There are 2 protein chains.
Amino acid sequence: MQTLHVELGERRYPIFIGSHLNPQALLEPYIHGKQVMIVSNATVAPLYLEHYEQAVQALGKKTAVCVLPDGEKYKNIEHLNLIFDALLEAGFNRDCTVLALGGGVIGDMAGFASACFQRGVYFIQVPTTLLSQVDSSVGGKTGINHPLGKNMIGAFQQPQAVLADMSQLNTLPDRELSAGLSEVIKYALLGDQEFLVWLEENMDGLIARNPELLAEAVYKSCAHKARIVANDEKEQGERALLNLGHTFGHAIESYLGYGAWLHGEAVAVGMVMAADLSHRMGWISAEDVERTKKIILRANLPAVCPKIPLDEFLAYMSHDKKVLNGQLRLVLMKKLGQAVITKEFDVELMKQSILANQQ
Amino acid sequence: MQTLHVELGERRYPIFIGSHLNPQALLEPYIHGKQVMIVSNATVAPLYLEHYEQAVQALGKKTAVCVLPDGEKYKNIEHLNLIFDALLEAGFNRDCTVLALGGGVIGDMAGFASACFQRGVYFIQVPTTLLSQVDSSVGGKTGINHPLGKNMIGAFQQPQAVLADMSQLNTLPDRELSAGLSEVIKYALLGDQEFLVWLEENMDGLIARNPELLAEAVYKSCAHKARIVANDEKEQGERALLNLGHTFGHAIESYLGYGAWLHGEAVAVGMVMAADLSHRMGWISAEDVERTKKIILRANLPAVCPKIPLDEFLAYMSHDKKVLNGQLRLVLMKKLGQAVITKEFDVELMKQSILANQQ
């Protein structure tokens with residue numbers, strides 16, 4: 001097992017990364033109060049709920065459970081309210097802990113509920129998808145969607161601890177494993193060429209779910225995100241680097257309709273477009289673009305998107321909230337493994353990059 | 001005009017207190033972004049909305065308005081969501097300001113919405129009742145009720161600035177003015193005997209709505225609360241002093257049904273009970289109890305409550321969230337004007353104090 005500490009001063013917390021971890025021993029110092037609400041979903045609960053319930057009860061804590069339906073479409077205020085209902089029906093007070101057991105949606109909702117219940121209680125995350133292990137484990141972003149926009153309502157809420165158990169990834173569908181690898185590749189492309197070499201050497205093992213390799217990939221990804229977030233907790237600057245591939249990807253997701261493609265799939269194509277534009281800007285070589293595409297394809301991710309009319313693609317890009325003061329900012333690569341946030345790009349070249357990477 | 005600065009480090013903010021204040025000049029430095037959402041209610045909006053809308057527009061800002069129905073019963077998640085709807089329908093982004101124009105309910109809801117929208121935008125308070133001027137102006141507590149408990153869901157959200165205009169109190173019903181004075185008296189009883197003497201000298205003028213006297217009472221009250229909150233922002237200790245009269249008052253409100261008595265009315269009787277118990281404990285004199293009752297009666301507040309069966313009264317007291325780890329803590333007076341938080345009281349004497357101050 002490896003432990004990564006996310007350095008946020010008083011709110012410093014550990015991420016435990018390994019296989020067949022012991023939640024009772026690991027979480028004991030991080031559960032506050034006598035009451036623990038486990039929030040999960042209908043897919044994950046039958047697999048892992050009992051294990052965590054027993055571990056928490058063995059620590060002498062009262063547990064209660066809130067199982068939500070599985071899916072992004074339930075990440076809304078009505079289902080958030082079900083968590084509040086469960087907390088109050090169980091008679092929980094402000095000295096309690098909310099434990100999220102599930103993927104990104106459960107982490108976002110349980111985290112936001114913990115930020116608001118009694119104006120803030122304790123929060124522990126047990127991410128059960130590769131995407132949530134490398135993404136939601138670090139950063140403290142929680143929240144829900146609104147019919148007029150994703151993640152429009154939320155809070156910054158840091159967990160007390162995160163437990164990322166690779167053995168739980170064995171039940172993850174192949175497509176979701178690949179979507180998680182998309183974000184892993186992102187960390188290599190935005191800041192670590194050595195990590196890219198490591199991924200090129202180990203991608204077959206990752207796809208085969210070798211737990212040691214997965215744990216290493218999660219550790220390296222979280223370490224990258226933690227370093228960036230520690231420098232920029234409230235997303236004023238550097239944190240925007242984490243959006244590599246996301247502005248293009250957002251347009252693809254929006255056009256296809258959320259749910260048609262997984263987020264990681266759209267981001268994969270978005271990273272190819274960002275690499276392509278970085279090459280057209282003269283910053284990276286054609287070989288660098290090919291390496292980007294190749295690692296994405298080896299992760300069983302798409303490198304091109306369906307045909308989308310350019311005007312619609314551009315309209316969706318500018319709806320992305322990374323647009324500040326009406327000015328589109330993109331995350332591009334100055335070198336392979338070194339991303340920058342820039343407004344200084346040629347719009348005509350950007351259009352070429354979009355068109356060149358469609359079917 | 002007087003300006004009180006609430007000292008919270010980076011989140012230091014001013015409370016402007018006076019009559020016929022100029023919102024355009026005063027608020028200009030504190031409105032962030034180009035978009036301002038004014039949240040008000042159906043009672044206050046017809047009186048003052050246009051004034052503030054024009055002031056904000058004169059600063060070159062885009063305004064939008066969300067008018068909620070008036071009353072505590074609307075302080076719920078459904079009506080909170082109406083504020084999010086309004087923000088998103090108006091196309092507001094994370095660089096916007098929410099301005100609360102109304103009493104405590106509007107301040108709580110608009111403040112909470114501002115804490116959650118886009119994970120936190122800017123917030124300005126214009127409290128239009130005496131109670132909200134002396135209570136919600138300081139402390140950063142925002143939130144909504146749940147069917148199973150009041151203020152169960154919320155956030156700590158500090159405003160950029162507060163504008164407390166005494167001229168707006170002319171439209172306040174008499175009963176609400178008195179309910180606000182109840183909290184003013186509380187600050188004197190809990191920490192400032194000189195302020196009690198001042199209130200004894202000036203209560204007739206306050207009831208007659210003399211704006212200079214009201215401004216002075218608001219200033220002194222906010223200064224007391226600000227000092228306590230600055231020492232204890234997240235309510236770990238000293239802040240509980242602000243609950244003087246509230247545990248008894250909570251039982252009265254709960255038994256009578258919320259809305260039958262105003263909060264300040266129940267707190268007034270609660271303060272008499274706390275004074276009575278402090279006397280029975282041998283801490284303050286019978287004359288001190290009489291002074292407490294007298295100032296409460298001169299503010300046109302009740303000093304006794306209707307007959308409530310003792311067992312029910314006690315049950316409601318122990319439901320109050322000031323109970324920590326199952327142990328009832330009360331705020332009592334060691335001296336008149338000097339409150340303490342204590343578990344060391346005689347339960348039999350407490351019962352006598354409750355029974356002695358019923359009709």
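## A serine and its surroundings

Setting aside residues within four places in sequence, A:Ser114 is in contact (heavy atoms within 4.5 Å) with A:Val98, A:Gly120, A:Val121, A:Tyr122, A:Phe123 and A:Gln157. This serine belongs to helix α4 of chain A, residues 104–116; helices (H or I, at least four residues) and strands (E, at least two) are DSSP runs numbered from the N terminus. A:Ser114 counts as buried because its relative accessibility is 0%, where buried means under 20% relative accessible area, exposed over 50% and partly exposed in between (1.4 Å probe, protein chains only).

The model is predicted: local features need pLDDT of at least 70, and side-chain atom pairs count only at pLDDT 80 or more, whereas totals for chains, interfaces and linings use all residues. Residues are numbered from 1 along each chain as its sequence is written, chains are lettered from A and ligands numbered from 1 in the order in which they are written, and side-chain values use heavy atoms, with hydrogens and water left out.

## Buried positions

| Residue | Relative accessibility |
|---|---|
| A:Cys305 | 0% |
| B:Cys96 | 0% |
| B:Tyr187 | 0% |
| B:Leu241 | 12% |

B:Tyr187 lies in helix α6 of chain B, residues 174–191. Not counting residues up to four places away in sequence, B:Tyr187 touches B:Val134, B:Asp135, B:Asp192, B:Phe195, B:Ser221, B:His224, B:Lys225 and B:Leu242. Between B:Tyr187 and B:Gln338 there are 9.8 Å in space, C-alpha to C-alpha, although the two are 151 residues apart in sequence.

B:Leu241 is placed in the loop between α8 (211–231) and α9 (246–256) of chain B. With the same exclusion of residues up to four places away, B:Leu241 touches B:Leu190, B:Val331, B:Ala339, B:Val340 and B:Ile341. B:Leu241 and B:Asp95 are 146 residues apart in sequence, and their C-alpha atoms are 36 Å apart.

B:Cys96 is accordingly in no disulfide, and the nearest cysteine sulfur, that of B:Cys66, is 13 Å away.

## An enclosed helix

Helix α9 of chain A (residues 246–256) is largely enclosed by the rest of the structure, because nine of its eleven residues are buried. Among them are A:His246, A:Phe248, A:Ile252 and A:Glu253. The buried residues of α9(A) pack against α6 (174–191), α10 (263–280), α12 (310–319), β10 (330–335) and α13 (347–356) of chain A. After α9(A) comes A:Gly257, whose phi is positive, near 90°.

## Where the chains meet

In chain B, 27 residues are in contact with 27 residues of chain A. The two chains bury about 2,500 Å² between them, 57% of it on carbon and sulfur atoms; buried area is the accessible area (1.4 Å probe) that two parts lose on being put together, summed over both. B:Leu88, B:Arg119 and B:Met152 supply 29% of the area that chain B buries against chain A, more than any other three residues.

The elements of chain B that give two or more residues to its side of this contact are α3 (77–89), α4 (104–116), β7 (141–146) and β8 (149–156). Between chain B and chain A the count of salt bridges (a side-chain nitrogen of Lys or Arg within 4 Å of a carboxyl oxygen of Asp or Glu) is zero.

Technical notes. Disulfide = S-S within 2.5 Å.
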